[in-house]
Amino acid sequence: MSRPNNYFTALAGVPIHYARYADSRYAYGTRGKPYKFYATEAFERKLEACFDDLWETCPYGQAEVITSAGAYVNKMGYHGKGRAFDLDAIFWHDRTFITRDYPLQKEFYLGVEAVLRKHFGTVLNYLYNSAHRDHFHVDDGTEVKFYSASKSRVLFVQAAIVHVFDIPIAIDGDWGNETEGAIDQTFERLTIQEDIQDRDVWLHFLARIAETGFNIVQPEPEERTPLNLIHDLYSIIGEELKDSAVRKPMEAALNTFVNHEETQEWLKKYE
Ligand SMILES: [Zn+2]
């Protein structure tokens, strides 16, 4: 399909910028520059509804800038149909949310993702594969519904159970007894009746994940104590080097530093 004629420069009242330039002033993680994003009108309306919902749900309200890596792109798949969108970051007056920082703000990230999932069947996140560590991909190629055979949906639910509802289970994308049991436990706590595969139940569960995730917001880096920052380091090593051979020696070196008598002495001040 060729490029749709329809384009947008704002969504739900918020300018949408491109921030993938080599120039560091407009590079990934900055507010970028105004840009025209092409998509079908129907898909644009879905994005509008999604961000309206986010401004309403999120305690920071309406954002100031959204950055995107693209909507219509001349390639295969839903980007080529004008029915996909890549979300890099959202800038509120009081908070910056950059998708690459998942290891540092998992609860907030999963809250945003829960809202995206209320509007789009397909959402690919940080945990899905390394290509999606720096953006959320959303498209409407699948139904808004939970399927236990969908790796991206199972990964999201497992991460929400671990980081938003504090039940320690494996985050591996595989549906099994452990995940099912943890969902039962979470539903009981939230007084949600079965069944997660029911569309209305799924939508309600997503709303509860967003609400809970947004309520356990971590302080911004500049407000964090050295103890928080060391915890961040462990999180980043754990996520970024998950399948890497250097993970163990990195963690061992960090442990040696943290456990050193003099490090322990000054860290005590922040306990
Ligand atoms: Zn994409």
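Where is I236 found? I looked this up to open the notebook, and I236 sits in helix 6, residues 226–240. Helices here are DSSP runs of H or I with at least four residues, strands are runs of E with at least two, and both are numbered from the N terminus.

**Ground rules**

I am working with a predicted model, where local features need pLDDT of at least 70, side-chain atom pairs count only at pLDDT 80 or more, and totals for chains, interfaces and linings use all residues. Residues are numbered from 1 along each chain as its sequence is written, and side-chain values use heavy atoms, with hydrogens and water left out.

**Entry: I236**

I then asked what I236 touches beyond the residues up to four places away in sequence, and found P103, L104 and L241. Contact means heavy atoms within 4.5 Å. P103 is 133 residues from I236 in sequence, yet the two C-alpha atoms are 5.5 Å apart.

**Entry: E251**

I moved on to helix 7 (residues 247–259), where E251 has its place. E251 counts as buried because its relative accessible area is 19%. Leaving aside neighbours within four places in sequence, I found E251 in contact with I237 and G238.

**Entry: the zinc ion**

Which residues coordinate the zinc ion? I found H79 through NE2, D86 through OD and H137 through ND1, at 2.0 to 2.1 Å. Donors are N, O and S atoms within 2.8 Å of the metal (3.2 Å for Na, K and Ca), and water is not among the atoms, so sites may look incomplete. The spacing of the donor residues in sequence reads H-x6-D-x50-H. H79 lies in the loop between strand 6 (65–70) and strand 7 (84–91), while H137 is in strand 10 (residues 136–139), so this pair ties together parts that are 58 residues apart in sequence. I also noted that H79 and H137 are both buried.

**Entry: R83**

R83 is partly exposed because its relative accessible area is 26%. Not counting residues up to four places away in sequence, R83 touches T40, F43, Y78, V138, D139, D140 and G141. I also looked up L11, which is 72 residues from R83 in sequence and 15 Å away in space, C-alpha to C-alpha.

**Entry: cysteines**

How many disulfides does the whole structure have? My search found zero. A disulfide is a pair of cysteine sulfur atoms within 2.5 Å. The closest cysteine sulfur to that of C50 is in C58, 12 Å away, which is too far for a bond. C50 is buried at 1% relative accessibility, and C58 is buried at 3%.

**Entry: A182**

I found A182 in helix 4 (residues 177–189). Is A182 buried or exposed? A182 is buried, because its relative accessible area is 3%. Apart from neighbours within four places in sequence, A182 is in contact with I161, I167 and I169. T67 is 115 residues from A182 in sequence and 35 Å away in space, C-alpha to C-alpha.

I noted a cis peptide bond from E194 to D195, with omega near 15 degrees. D195 lies in the loop between helix 4 and helix 5 (199–215).

I then looked at positive phi values in residues other than glycine. Phi of A12 is near 50 degrees, and A12 lies in the loop between strand 2 (10–11) and strand 3 (14–18). A12 is buried at 6% relative accessibility. Phi of D166 is near 60 degrees, and D166 is in the loop between helix 3 (151–163) and helix 4. D166 counts as exposed, because its relative accessibility is 66%.

Notes. Buried means under 20% relative accessible area, exposed over 50%, partly exposed in between (1.4 Å probe, protein chains only).
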